[in-house]
Amino acid sequence: MSKKNLPWEIKRGYPLPLGVTTLSEGVNFALFSRNASTVTLVLESACQEGSETRYELQLTPSEHKTGDVWHILLETHECDFTYGYRIDSDKPASGSCFNHADILIDPYCHALSPRAWGTRAQYGKAPCCKIISHDFDWQDDRPLKTPLSETIIYELHIRGFTKQLAENQAAAGSYEGLMKQIPYLKQLGVTAVELMPITEFDENDNDFVNPETGERLKNFWGYNPVSFFALKSGYAIDPENHINEFKTLVRELHHANIEVILDIVYNHSGEGGYDGTTSSFRGIDNSVYYLLDPEDQSYLNFSGCGNTLNCNHPVVRSLIINSLRYWVIEMHVDGFRFDLASILGRDQDGNVLANPPMIEQIAEDPVLRDTKIIAEAWDAAGLYQVGSFSNDTRWGEWNGRFRDDVRAFMAGHGGMVSRLASRFAGSSDLYQASRRGPLSSINFLTSHDGFSLYDLVSYNRKHNLMNGENNRDGDNHNLSWNSGREGTPVSPKVEELRLRRIRSMLTILMFSQGVPMICAGDEFAKTQSGNNNAWCQDNPISWLDWQLMEHNRDLLRFFQLCIALRRNHPVFRRENFFATTDSSTPNVPEEIEWQYLTPGEQNWSADCHGLGVLIHGKRQHLSRDDDFFIMMNGNIEKKLHFIPPDVPPNNNNRSWSKIIDTAAVPPKDIIPRGTPLDSGIRSIRVANLAVVVLQSLPEVL
């Protein structure tokens, strides 16, 4: 296009920073593309009549390129237009996918054209990048910096959590809907929300259909990003104001002392394989952004989603770091959970690196030093790095072994007592050798991926037919047991056992060393009807049924009080592993003692299903607390009788009180101040698949 036909004057511009920058002299555009020979900036501006006027500015390499960066500056302060890029090459390198017809998203763009949930995206078809200014009153908001030892994480999906809010239907499915539930989160007692993906994705990119209705399913979870910067506008009441709506949510969560952790996806993009939609990276520089097979240039697929990001290429590393900084600086988030994080440790051929620069750079970045960083320490190709993801104490890990071992113990599996003890004490077998501590372990029973906690005790097998894949999708290794009957409805006896097992597993989770995470709705027994892979269910299968909060109010009360016990007692929130007495450290006092049914008697055999643990309260490092004796019974049918040890002598004038019995009828399942044990009682009955907790409390004179 001739310069005389443009409403702006054009200058050469600057190569850095990448993306769009508003300067005193105008608006600067900068884009990396190493293998392109032509780059065209496509702009659309609204006319007075409401129609769009398009301008296409082809950049001249001799004037608008520095190294691998293409750049141009428009002498204007008007930013009310959308933009994108056409990119082509007259001599494409191996693995290139240039197509002049595609209008591509700027990887550094902060916002895409707003659209309501379910409406069609125009990725690759029209310019959709927006220029925004971050004008927002943060009201002196500051990072909370909640210590990991005091952190309790609550994982949720913005739309699923808020879609069925009876009292706030106008805010259903939105950031504002979550803001209206802050009082509930405070009452529950969690300290952080972990938000499933909120960067832009196309929920309509799913080709599967409901086998009963023929209706096309959605990509509900959103683990298919088209941008690492742009916020999902479809989760806003007003998509045009989505950024300020999200910032308001963060600010108000911070006012309530609740941190915000983002579930972020840097292992792949929503472009999929070569048959997917080319929206950005593939059309900009395919061989730089993705891992390609050197023989046939096919995608190396370690993500299970058609492509794998080339995370340890310097250009991609820079993109990821700048994205993380953006979410911290501009959006005030407090941390990140990295989806399939093991991919961050692969080189350009897919090999696992000994010291991955990407993982180190995230941990050492000065802007990110106060944030929480949590790895899902595995990928879809079978690489499993729980306990070995990184030696850096900055990294926490989703502890899949905690999940599996607690599930197996509370489903009656044999050989689990020693494993349960390791998980309960903070998984020193996984983290101590690398000089990390129990806070490296993010302990969880369930997450978005898999059965809900109620379904875990209600189904022996997955029921995923509604996903349209003939029940082939989803994990088959769930370590679940239906408590005697598959699904619902069931007899009161079976239902009582299910709720007992939920309370038992929650007690183990909250009293174990490490950082606990619970999944939204588990506190009032949400169900997905046995679907353990509800990624495509934008319907009541995935939406929280808030009527259950009243129906299962006793279970909710148990969660609240159990969380409060953890928060009130530092013995459950250690930064270091327990010290134990052995021949090499004879003068180190015991901080934890194990037993079976009788004090001093241990049983680590494969056919043992019971474990007792005494936690010394007054010998904790730098803290003084009550003592606790916890009795766990993993027998499916057999009750056990534990003889509790004496109250440790360092806590004088105290005696045992029973505070939790997960087999008791509510409200006696948890009694905050406890019920003193009768002096004539020698042993404590622990029902099958139950947990009983004693606390040393001052004797009442």
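1. At about what angle to β18 does α13 run, and which strands does α13 lie across? In this predicted model, helix α13 lies across β17 (441-444) and β18, and its direction makes about 145° with that of β18. Helix α13 (residues 492-511) also packs on a second sheet, where it touches β21 (628-633), β23 and β26 (691-698). Its direction there makes about 50° with that of β26.

2. The barrel. Eight strands form a closed barrel with parallel pairing, in the order β11-β12-β13-β14-β15-β16-β17-β18. On average, neighbouring strands of this sheet are turned by 25° against each other, direction ignored. Strands of a sheet pair through backbone hydrogen bonds, either parallel or antiparallel.

3. Strand β11 and its two partners. Strand β11 (residues 153-156) is joined in the parallel sense to strand β12 (residues 192-195) by four bridges. Three bridges join β11 to strand β18 (residues 515-519), again in parallel. Y154 takes part in both pairings: V193 stands opposite Y154 in β12, and I518 is the bridge partner of Y154 in β18.

4. Burial of β11. Is β11 covered or uncovered on its two faces? In a regular strand the side chains alternate between the two faces of the sheet. Both faces of β11 are covered, with I153 and E155 buried on one side and Y154 and L156 buried on the other.

5. The open sheet. Six strands form an open sheet with antiparallel pairing, in the order β19-β20-β21-β26-β23-β24. Its edge strands are β19 (592-595) and β24 (670-676), each of which pairs on one side only. The twist from one strand to the next averages 25°. Strand β23 (residues 654-661) pairs with β24 in the antiparallel sense over three bridges, and S657 stands opposite P676 of β24.

6. Helix α7. Helix α7 (residues 314-329) contains 16 residues and reaches 22 Å from its first C-alpha to its last, close to the 22 Å expected at 1.5 Å a residue. Its buried residues are V315, V316, R317, L319, I320, I321, S323, L324, Y326, W327 and V328. An α-helix has 3.6 residues a turn, so residues three or four places apart point the same way. The cover over the buried residues of α7 includes β3 (26-32), α5 (242-255), β13, α6 (281-289), β14 and α8 (357-364).

7. Salt bridges. Side chains of opposite charge can pair when their charged atoms come close. The model has 34 salt bridges. One of them joins R337 to D263, with the closest N and O atoms 2.8 Å apart. R337 belongs to strand β14 (residues 335-338) and D263 to strand β13 (residues 259-264), so this pair ties together parts that are 74 residues apart in sequence. Both R337 and D263 are buried.

8. Further charged pairs. D405 and R423 meet through their side chains in a salt bridge (2.8 Å, N to O). This pair links distant parts of the chain, since D405 lies in helix α9 (residues 400-409) and R423 in helix α10 (residues 417-424), 18 residues apart. D405 and R423 are both buried. D404 forms a salt bridge with R403, the closest N and O atoms being 2.8 Å apart. R403 counts as buried, at 18% relative accessibility. Elsewhere, a network of salt bridges links R115, E200, D202, E203 and K232.

9. Cysteines. How many disulfides does the count give? The count comes to zero disulfides. C129 is in no disulfide: the nearest cysteine sulfur, that of C109, is 3.8 Å away, whereas a disulfide requires sulfur atoms within 2.5 Å. C129 counts as buried, at 0% relative accessibility. For C519, the closest cysteine sulfur is in C536, at 16 Å, which is too far for a bond. C519 is likewise buried, with a relative accessible area of 4%.

Technical notes
Residues are numbered from 1 along each chain as its sequence is written. This is a predicted model: local features need pLDDT of at least 70, side-chain atom pairs count only at pLDDT 80 or more; totals for chains, interfaces and linings use all residues. Side-chain values use heavy atoms; hydrogens and water are left out. Buried means under 20% relative accessible area, exposed over 50%, partly exposed in between (1.4 Å probe, protein chains only). Two strands pair if DSSP finds at least two bridges between them. A salt bridge is a side-chain nitrogen of Lys or Arg within 4 Å of a carboxyl oxygen of Asp or Glu. Axes are lines fitted to C-alpha atoms, for helices over the stretch in contact, and angles run from 0 to 180 degrees between N-to-C directions. Contact means heavy atoms within 4.5 Å. The expected span of a helix is 1.5 Å times one less than its number of residues.
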